[in-house]
Amino acid sequence: MMFATIYLPNFYLQAATRHQPELKPVALIEEHERKPVIIQLNEAAENAGIRKGMTPSQALARSLQVVIKVRALMQEKSIQEILLHYAFTLSPFVEDTAPGVCIVQFTDCRNLSEKVGRLIEQLAECEIHAQAAVAPTSDSSFLAAHLARPVLQIENAKEFLAPLPIETLAMPAT
């Protein structure tokens with residue numbers, strides 16, 4: 001038995017900017033907070049000195065070009081449904097793990113990297129950036145998915161996990 005984790009990095013940001021790839025730099029806030037702060041940002045925003053936890057005014061002080069977006073709940077729901085739709089094409093055993101994350105259990109372990117790679121390509125055609133990992137346990141596939149570029153297959157979880165820094169284990173789900 002093997003598992004694959006399909007992971008959509010910066011899920012909330014991807015949902016808010018899915019059909020606007022030309023936006024750079026972009027930072028995302030949770031609109032319903034008492035004091036909105038940046039919860040996700042793209043690489044261009046990071047390179048401009050913007051960080052998670054900053055207020056929109058602090059971000060704008062770093063770069064007047066930054067576009068501040070709010071979470072797009074309907075688009076998040078839509079992307080999650082697309083993710084699950086494609087995951088179910090791989091196996092009937094799919095767990096809707098977290099926003100932008102699902103885990104697929106395989107009983108037929110032939111050509112898994114190829115199958116998962118095709119799923120990543122299908123998501124890319126839908127303007128959804130994804131990465132995935134295949135491993136003998138769901139936990140190791142989850143950790144490996146964060147490091148995949150775009151697909152990583154792990155045969156021995158202990159050998160893969162041993163050299164990783166402890167901070168890797170504290171990764172957020174989205």
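1. **Ground rules.** Residue numbers start from 1 along each chain as its sequence is written. The model is predicted, so local features need pLDDT of at least 70, side-chain atom pairs count only at pLDDT 80 or more, totals for chains, interfaces and linings use all residues, and side-chain values use heavy atoms, with hydrogens and water left out.

2. **Confidence.** The protein has a mean pLDDT of 92, and 96% of its residues reach 70 or more (pLDDT is the predictor's confidence in each residue, from 0 to 100). Confidence is highest in strand β6 (residues 101-106), at a mean of 98, and lowest in helix α7 (residues 157-161), at 81.

3. **Overall build.** You can find seven helices and eight strands here; these are DSSP runs numbered from the N terminus, with helices being H or I of at least four residues and strands being E of at least two. The C-alpha trace spans about 50 × 35 × 30 Å along its principal axes.

4. Of the 174 residues, 46% count as buried. Buried means under 20% relative accessible area, exposed means over 50%, and partly exposed lies in between (1.4 Å probe, protein chains only).

5. **Helix α6.** How much of helix α6 (residues 138-145) is buried? Six of its eight residues are, so this helix is largely enclosed by the rest of the structure. Those buried residues are S140, S141, F142, L143, A144 and A145. Their cover includes β1 (2-7), β6, β7 (131-135), β8 (151-153) and α7.

6. Beyond its neighbours within four places in sequence, L83 is in contact with I6, L8, G100, V101, C102 and L123 (contact means heavy atoms within 4.5 Å). L83 and Q122 are 39 residues apart along the chain, and their C-alpha atoms are separated by 9.8 Å. Now turn to L60 in helix α3 (residues 56-62), which counts as partly exposed at 33% relative accessibility. L60 and V101 are 41 residues apart in sequence, and 31 Å apart in space, C-alpha to C-alpha.
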